[in-house]
Amino acid sequence: MGKRYYCDYCDRSFQDNMHNRKKHLNGVQHHRAKKAWFDNFKDPKAILIDEQAKKMCRKFLQKGICDFGPNCRFSHMSEEDFLSLKRQVEVENSQRHFEDKILSDRRIDDWLSKRERRLNAPVVKETLRLRWKNTLKKVTYLLSSSPFLTFRRHSCLLL
Ligand SMILES: [Zn+2]
Ligand SMILES: [Zn+2]
């Protein structure tokens, strides 16, 4: 027994040779499976817009089955399918909105905690302490060493 070819889309395998492969990859069944597989990843909103642009398939409407399957250029969606798809889109929209809100809340929290950490950082505290100490020293020096007039002039400059 030779190698086997496994088709992901169709979830089936067959003996791997040129003939079988060509036959499979060009087959209607494979095309349908492939399209259905990609549709799985489509956004419900995109599907809804796609389907709304199509006319209802008469054949499917009458017989409940159409040879074209997912490849049909007309819509095979029933009223109920549409409604449930619409609901799905709505649910997703509100979820997305909710997630966005959580994300932005988290960003603000992050920013606040980062800011707090920065303010509480030992280096900053130390710098502030030194600056304050220097100011105190300067003031004490001015107060103690200068005559009243000089002090007044300095304090005017300071102001
Ligand atoms: Zn296949
Ligand atoms: Zn159809």
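This is a predicted model: local features need pLDDT of at least 70, side-chain atom pairs count only at pLDDT 80 or more; totals for chains, interfaces and linings use all residues.
Helix 5, which runs over residues 79–120 and so has 42 residues by the DSSP assignment, reaches 61 Å from its first C-alpha to its last, close to the 62 Å expected at 1.5 Å a residue. The protein as a whole comes to seven helices and two strands, and of its 159 residues 1% are buried.

**Overall arrangement**

- Read from the N terminus on, the elements follow the order β-β-α-α-α-α-α-α-α.
- Among the contacts in the protein with a separation of 6 or more, 33% are between residues 24 or more positions apart.

**The N-terminal hairpin**

- Strand 1, at residues 4–7, and strand 2, at residues 12–15, pair in the antiparallel sense, and four bridges hold the record of that pairing.
- The two strands form a hairpin with four residues between them, and in the turn Asp11 has a positive phi of about 55°.
- Within this pairing, Tyr5 stands opposite Phe14, a residue of strand 2.
- In a regular strand, side chains alternate between the two faces of the sheet.

**The annotated region at residues 51–79**

- UniProt, in an unreviewed entry, places the feature "zinc finger region: C3H1-type" at residues 51–79, and for "domain: C3H1-type", also from an unreviewed entry, it lists residues 51–79.
- In the model, the chain over residues 51–79 is 34% helix and 0% strand, and the C-alpha atoms at its ends are 11 Å apart.

**Phe74 and its surroundings**

- Phe74 has its place in the loop between helix 4, at residues 58–63, and helix 5.
- Not counting residues up to four places away in sequence, Phe74 touches Lys54, Lys55, Met56 and Cys57.
- Phe74 and Gln52 are 22 residues apart along the chain, while their C-alpha atoms are separated by 10.0 Å.
- Is Phe74 buried or exposed, or does it fall in between? Phe74 counts as partly exposed because it has 16 C-beta neighbours inside 10 Å, whereas a buried residue needs 20 or more and an exposed one has 12 or fewer.

**Returning to helix 5**

- An α-helix has 3.6 residues a turn, so residues three or four places apart point the same way.

Key
Residues are numbered from 1 along each chain as its sequence is written. Chains are lettered from A and ligands numbered from 1 in the order in which they are written. UniProt positions are given in the numbering used here, feature names are shortened, and annotations may be inferred rather than shown by experiment. Two residues are in contact if their C-beta atoms, placed from the backbone, lie within 7 Å. The expected span of a helix is 1.5 Å times one less than its number of residues. Two strands pair if DSSP finds at least two bridges between them.
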